[in-house]
Amino acid sequence: MDDEPLARAGIRHLLSQQQQFEITAEADNGTEALRLAQLHQPDIIFLDIQMPGLDGLSVLRQLANKPAVIFCSAYAEHAVTAFELSAVDYLLKPFSAERFQQALFKACGKIIHGLSRQPEPAAEYIDRITIRDPGRLRIVDVSDISWIESAGNYVDIHVYSQQKSYLLRDTMAAIESKLDPALFARIHRSSIVRKSDIVELRPGDKGDAEVVLKCGASLTMSRRHRTALAGLFGL
């Protein structure tokens, strides 16, 4: 679904070379894309980010039955949000036929995995953390947390919007298990970051990298944990 006829024609041409796929519908705006997706229930949807009416991210948020969604956009800055919403892939225009086929393979893998997997209870992750201070209890919303780092027998929780940090007596492994992995990533044995706060990745020469956050903080991503951001940066 794309508001650019040439872009849709390009995707249509690439799909025509794959015999196993059938195009059920096209739309030139987000509102129509949502209507057609709900009507036809396709297995795979290609979405642009910027479209009249609803943008592509809003379309994905409102889909009741989540298909395999591949974004095709000229704007890289929306990739983090797209993956947080469980998009299969994010193609930056212009993209090659090989890159397009790679995205299709990933979409097919998701579909096959979904068919073979038995339903499991949804994992429950915390949305607030209670921190004990002398004489009081402090509540920190998980949605406000930018990053967390190890501090001996404690974890140091950084809240960018308040420009403050709070010490919680807990281990990194324990706090990691309580956070939604769609939103947070363990990038080092001593640090966890909110994915949507990452603005830059500077690869090192030993498989490690420097991760820069919106607040300006710079953290180290170890080689061991680089797969945590593989979906965002194609590592």
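Contact here means heavy atoms within 4.5 Å. What you have open is a predicted model, where local features need pLDDT of at least 70 and side-chain atom pairs count only at pLDDT 80 or more, while totals for chains, interfaces and linings use all residues. Residues are numbered from 1 along each chain as its sequence is written, and side-chain values use heavy atoms, with hydrogens and water left out.

Along its principal axes, the C-alpha trace spans about 65 × 40 × 35 Å. Of the 235 residues, 40% count as buried, meaning under 20% relative accessible area with a 1.4 Å probe and protein chains only (over 50% is exposed, in between is partly exposed).

**Stop one: a parallel sheet**

Select residues 44–47, 68–73 and 89–92. Strands S1, S2 and S3 make an open sheet in that order, with parallel pairing; two strands pair if DSSP finds at least two bridges between them. S1 and S3 are the edge strands, each pairing on one side only. From one strand to the next, the twist averages 20° (axes are lines fitted to C-alpha atoms, for helices over the stretch in contact, and angles run from 0 to 180 degrees between N-to-C directions).

Zoom in on S1 and S2, which pair over four bridges. Ile45 has Val69 as its bridge partner in S2, and Leu47 has Phe71. Which way do the side chains of S1 point? Ile44 and Phe46 go one way, Ile45 and Leu47 go the other, and all are buried. Next, follow the chain from S1 through H3 to S2: this β-α-β crossover is right-handed. In other words, with the strands pointing away from the viewer, the path from the first strand over the helix to the second runs clockwise.

**Stop two: helix H2**

Select residues 30–40. The buried residues of H2 are Gly30, Ala33, Leu34, Leu36 and Ala37, and they pack against S1 and helix H3 (56–62). After H2 comes Gln41, with a positive phi near 50°.

**Stop three: Asp170**

Now pick Asp170, in the loop between strand S8 (164–168) and helix H6 (172–178). Is Asp170 buried or exposed? Asp170 counts as buried because its relative accessibility is 16%. Its side chain and that of Lys178 are joined by a polar contact of 3.0 Å. A polar contact is a pair of N or O atoms within 3.5 Å; within protein, one must be able to donate a hydrogen and the other to accept it, and residues adjacent in sequence count only if both atoms are side-chain atoms. Leaving aside neighbours within four places in sequence, the contacts of Asp170 include Asn153, Tyr154 and Val155.

**Last stop: an antiparallel sheet**

Finally, select residues 198–203, 209–213 and 218–221. Here S11, S12 and S13 form an open sheet in that order, with antiparallel pairing. S11 and S13 each have a single partner strand, so one side of each is left without a neighbour in the sheet. Four bridges join S12 to S13, and Val212 stands opposite Ser218 in S13.

Terms used:
Helix = DSSP H or I, 4+ residues; strand = E, 2+ residues; numbered from the N terminus.
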